[in-house]
Amino acid sequence: MFFERPESGELAVLIHLNLDNEPEPENRREFEELVLSAGGDPVSEITGHRKTPHPRYFVGTGKLEEIREEVTRTGAELVIFNHNLSPGQERNVEQALCCRVLDRTGLILDIFAQRAQTHEGKLQVELAQLEYMSTRLIRGWTHLERQKGGIGLRGPGETQLETDRRLLRVRIKSIHRRLEKVRRQRHQSRRSRQRADIPTVSLVGYTNAGKS
């Protein structure tokens, strides 16, 4: 959006770890269905077990090398974790694998973005994506950070990064204002329906649950 990053591919390597400290392990089958719903083409799945996530890569260095080999073998351009990664972990894995990395939250937000139909729904998804992106913005400028201090390269990385952060903040504030306007309008419409004694029916369900 505002910064350089590897282009995503449809071929994806899926990562799922069994963690001892995970109170409610994520379902592997559901994970595969989410990837398919997002338009991904799973070409391989790597599993493993750890007591706790590795602080730098989430997976251990040996497992990271296994993922790298699988990415090379399959030609995948996208690695998707069935876990939530910190911005630092996501950035470190991207740098190590030289391909795009997506965690479970990013995957679900992508599906929501594809499925959002109403104006309010699209605004809510965009807001969630921007807030998610804001914590990961720095990874697009690490190639300049490594060079900062060199002749002719003092500062441009930080300057561009601050510009991008400011643009994100402006956009987020704008969406908050638009959402508030939509909510007021919806509240007025709800009151009108209540006065007219029109019954309301709600259908709630997870993605691909069969609501349509």
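**Terms and model.** A residue is called buried when its relative accessible area is under 20%, exposed when it is over 50%, and partly exposed in between (1.4 Å probe, protein chains only). The structure is a predicted model, in which local features need pLDDT of at least 70 and side-chain atom pairs count only at pLDDT 80 or more, whereas totals for chains, interfaces and linings use all residues. Residues are numbered from 1 along each chain as its sequence is written, and side-chain values use heavy atoms, with hydrogens and water left out.

**Figure 1. Overview of the protein, with its 7 helices and 4 strands.** Helices (H or I, at least four residues) and strands (E, at least two) are DSSP runs, numbered from the N terminus. The order of elements from the N terminus is β-α-β-α-β-α-β-α-α-α-α. The protein has 212 residues, and 38% of them count as buried. Among contacts (heavy atoms within 4.5 Å) with a separation of 6 or more, 72% link residues 24 or more positions apart. The accessible surface, computed by the Shrake-Rupley method with a 1.4 Å probe, is about 12,800 Å², and carbon and sulfur atoms contribute 49% of this area.

**Figure 2. Strand β1 and its pairing with β2.** Strand β1 is mostly covered, as 7 of its 9 residues are buried. The strands β1 and β2 run parallel and are joined by 9 bridges; two strands are taken to pair if DSSP finds at least two bridges between them. One of these positions is Asn18, whose bridge partner in β2 is His49.

**Figure 3. Helix α2 and its two faces.** The expected span is 1.5 Å times one less than the number of residues in the helix. Leu64, Ile67, Glu70, Val71 and Thr74 are the buried residues of α2. Viewed down the axis of α2, these buried residues fall within an arc of 120 degrees, so they line one face of the helix; the arc is taken from the directions between the helix axis and the C-beta atoms. The face turned away from the buried side bears the exposed residues Thr61, Gly62, Thr72 and Arg73. The packing partners of the buried residues of α2 are β1 (11–19), β2 (41–50), β3 (78–81) and α3 (87–97). Gly75 follows α2 and has a positive phi, near 75 degrees.

**Figure 4. The largest nonpolar core and a second, separate one.** A nonpolar core is a set of buried Ala, Val, Leu, Ile, Met, Phe, Trp, Tyr and Cys residues joined through side-chain atoms within 4.5 Å. The largest core holds 20 residues, and Ile15, Val59, Ile67, Val79, Phe81 and Leu97 have the most contacts inside it. Two or more residues of this core come from each of β1, α2, β3 and α3. Strand β1 gives the most, with 4 residues. Apart from neighbours within four places in sequence, Val59 is in contact with Ile15, Leu17, Arg50, His54, Leu64, Ile67 and Phe81. The second core is separate and has 12 residues, including Ala12, Leu14, Leu34 and Val35.

**Figure 5. Two non-glycine residues with positive phi, Phe58 and Cys98.** Phe58 has a phi of about 70 degrees and is placed in the loop between β2 and α2. With a relative accessibility of 5%, Phe58 counts as buried. Cys98, with a phi of about 60 degrees, is placed in the loop between α3 and β4 (100–102). Cys98 is exposed, its relative accessible area being 69%. From C-alpha to C-alpha, Cys98 is 8.8 Å from Arg68, although the two residues are 30 residues apart in sequence.

**Figure 6. Helices α4 and α5.** Gly106 is placed in helix α4 (residues 104–115) and counts as buried at 8% relative accessibility. The C-alpha atoms of Gly106 and Asn84 are 8.5 Å apart, and the two residues are 22 residues apart in sequence. Helix α5 has 16 residues (119–134); its end C-alpha atoms are 22 Å apart, which agrees with the 22 Å that this helix should span. Glu120, Gly121, Leu123, Val125, Leu127, Leu130, Tyr132 and Met133 are the buried residues of α5.
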